[in-house]
Amino acid sequence: MSRPTTGKAGAVAQEELSPRARLIATVGAVLALALASIDVSVVSAAMPRIADDLQGLGLYAWPGVSYAVAAAVIVPVAGKLGDMFGRKLIMMAGLIGFTVASFLCGAAQDMPQLVAFRGLQGLFGGILLANVFTLLADVYTAERRAQMMGFFVGAVGLSQVIGPPLGGVITDNWSWRWVFYVNVPLAVVAVVAVMAGVPFVRSSASWRDIDFLGVVLLIAGLVPLLIGLSLAGDGGWTTTVVLLVAAGVALLVVFFFVETRVAANPIVPFGMFRNNQFAVMAVVAFFSAFAMMGTIFYVPLLYQGVLGVSATHSGNLLIPMMLALMVSSPITGKVLPAMPRYRFLGVLAFAAMSAGMLLLSQIGPGSGQVLTVVAMVLIGAGIGIVMPMATTVVQSAVDMKLIGVATSQVQFWRMIAGPVSLAMLGTIMSGQIGGGGAQAKVSPEVLAGAMHDVFLIGALTVAVGFVACFFLKEVSLRQMPKPGAAPKPAADKAATGS
């Protein structure tokens, strides 16, 4: 196979890849995605044992927070670096770093060490998340890429389903340390697959082309902002939280000024937001993830505190949402390229999500579990439709030189939706039952009233995505735009008969 060459790093011509190389590259991408996405859910099941063993109950939430924040802040940077230096180099760095960080997490001797190592693991996990979906654009044709995107999104849903029970089994039968050690052999296989299957792309970029000031300002702004939002969702808007959020917002304003007025090669080219498809899909990605995180976090509380279901059983009852996501995603990937007016598919998806959250707002102590399951199936199906749709549309609409940046931005808006969702809905919850009110001290009737407001406001918020889809101008999903070429609307293609 010849070694592809592009101006910067660009995309690889799919016809230059043999079927064997494409298969191996896909295996490497699937393993990388599994490692980065399943790690959060697997570790959550082991956290009670970890906190007890390391005597760090006071820092119980911080291993998760440090991973999530680190992954979110590095995603935009890693997407840009993938465009500059090629996906293979950046993914190799991510996999090797993730392997080392996983071993360090397993070897942690106290909770502060684990928090630090989880943050390191999150950095490399974010590098993988930023480039895995872009790799599909490198090795698959546009129509086939849409199908693969659906299967990959389904794999994310599967990881959420199997993660908690898998983490419990590993913790009970081996040790919580093996929750991290088990990543090592999988990462080694992924490294081999990426080395063998992903083509090397020569790049004319150098480290001098990196926007270091932009990187520093972006990280310096996002870290306090995301930590502040995470703390707000857990303990309310204290003075510390307000200062963290304010500092983060101020630094991000400076970042915006530098990127738009100073940087020659900005980490985030804000001109992309003038692209209709990119702007609308960023909104779609954010509000679909808002619905997902709000449901995952508050439905167990609804089950346990309002319906009286046990903690173990309430965790299992989240499965219908993930199964609906797993089923709808591959179907969406299959039918999406054949739909000239696919914005209405997004409208339908957000209608389902909003309807599901409205149903959850009606649950009371006398309600059965059937209504809740129906609601979660609606939400999961809606998310499963728009997740592959958002990434596929963006990849078909932007210049190939920016495809890594654009794809990572979609992932970025999904990731920051989590802290925003929990901060917003947590504020509503605490306003209803009082800050710090424990579930055991609140009657099912009072909690049901609070849950009504949480899911009602959540449904209205998610409806922003419903409105945004009407403004989408469809582009063809059957062909990739060439560098410098404007994407061709699907309607124009249909009109010309091409």
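The entries go from the whole chain to single residues.

**Ground rules**

I am working on a predicted model, where local features need pLDDT of at least 70, side-chain atom pairs count only at pLDDT 80 or more, and totals for chains, interfaces and linings use all residues. Residues are numbered from 1 along each chain as its sequence is written, and side-chain values use heavy atoms, with hydrogens and water left out.

**Whole chain**

I looked up the secondary structure and found 17 helices and zero strands. Helices here are DSSP runs of H or I with at least four residues, strands are E runs of at least two, and both are numbered from the N terminus. Of the 498 residues, 56% are buried. Buried is under 20% relative accessible area, exposed is over 50%, and partly exposed lies in between (1.4 Å probe, protein chains only). The accessible surface is about 19600 Å², and carbon and sulfur atoms hold 69% of that surface. These areas come from the Shrake-Rupley method with a 1.4 Å probe, and for residues only the protein chains shown count as cover. I also checked contacts, meaning heavy atoms within 4.5 Å. Of those between residues at least 6 apart in sequence, 83% join residues at least 24 apart.

**Cores**

Which residues touch the most other members of the largest nonpolar core? They are Met281, Tyr298, Met353 and Met451, in a core of 128 residues. Helix α10 supplies the largest share of this core, 17 residues. A nonpolar core is a set of buried Ala, Val, Leu, Ile, Met, Phe, Trp, Tyr and Cys residues joined through side-chain atoms within 4.5 Å. A second, separate core has 17 residues, including Met47, Ile50, Val115 and Trp176. I then listed the contacts of Met451, leaving out residues up to four places away in sequence: Tyr298, Leu301, Leu302, Val306, Ser361 and Met429.

**Aromatic pairs**

I found 15 aromatic pairs. The rings of Phe, Tyr and Trp (its six-membered ring) pair if their centres lie within 6.5 Å; planes under 30 degrees apart are stacked, over 60 edge-to-face, and the rest tilted. Phe270 and Phe273 make a stacked pair, 6.0 Å centre to centre with 25° between the planes. Phe270 is partly exposed at 23% relative accessibility, and Phe273 is partly exposed at 30%. The pair Phe286 and Trp413 has ring centres 6.4 Å apart and planes at 75°, so I logged the pair as edge-to-face. This pair links distant parts of the chain, with Phe286 in α10 (residues 276-306) and Trp413 in α15 (residues 403-433), 127 residues apart. Phe286 is buried at 13%, whereas Trp413 is partly exposed at 25%. One aromatic cluster takes in Phe255, Phe256, Phe270, Phe273 and Phe278.

**Around Thr26**

Thr26 lies in helix α1 (residues 19-53) and is buried, with a relative accessible area of 10%. A polar atom of the Thr26 side chain lies 2.7 Å from the backbone oxygen of Arg22. Beyond four places in sequence, Thr26 touches Tyr140, Met148 and Phe152. Tyr140 came up again: the charged end of Arg22 sits over the Tyr140 ring, 5.9 Å from its centre. A charge sits over a ring if NZ of Lys or CZ of Arg is within 6 Å of the ring centre and within 35 degrees of the ring normal.

**Ala108**

Is Ala108 buried or exposed? Ala108 counts as buried, at 0% relative accessibility. Ala108 sits in the loop between α3 (87-106) and α4 (111-139). Leaving aside neighbours within four places, I found Ala108 in contact with Leu54, Gln113, Leu114, Phe117, Trp176 and Arg177.

Gln277 is in helix α10 and is buried at 7% relative accessibility. Not counting residues up to four places away, Gln277 touches Val393, Val394, Ala397, Leu472, Lys473 and Val475.

Met293 is also in α10, and is partly exposed at 30%. With the sequence neighbours up to four places away left out, Met293 touches Gly418, Ser421 and Leu422. Met293 and Gly418 are 125 residues apart in sequence, and their C-alpha atoms are 5.5 Å apart.

Methods:
A polar contact is a pair of N or O atoms within 3.5 Å; within protein, one must be able to donate a hydrogen and the other to accept it, and residues adjacent in sequence count only if both atoms are side-chain atoms.
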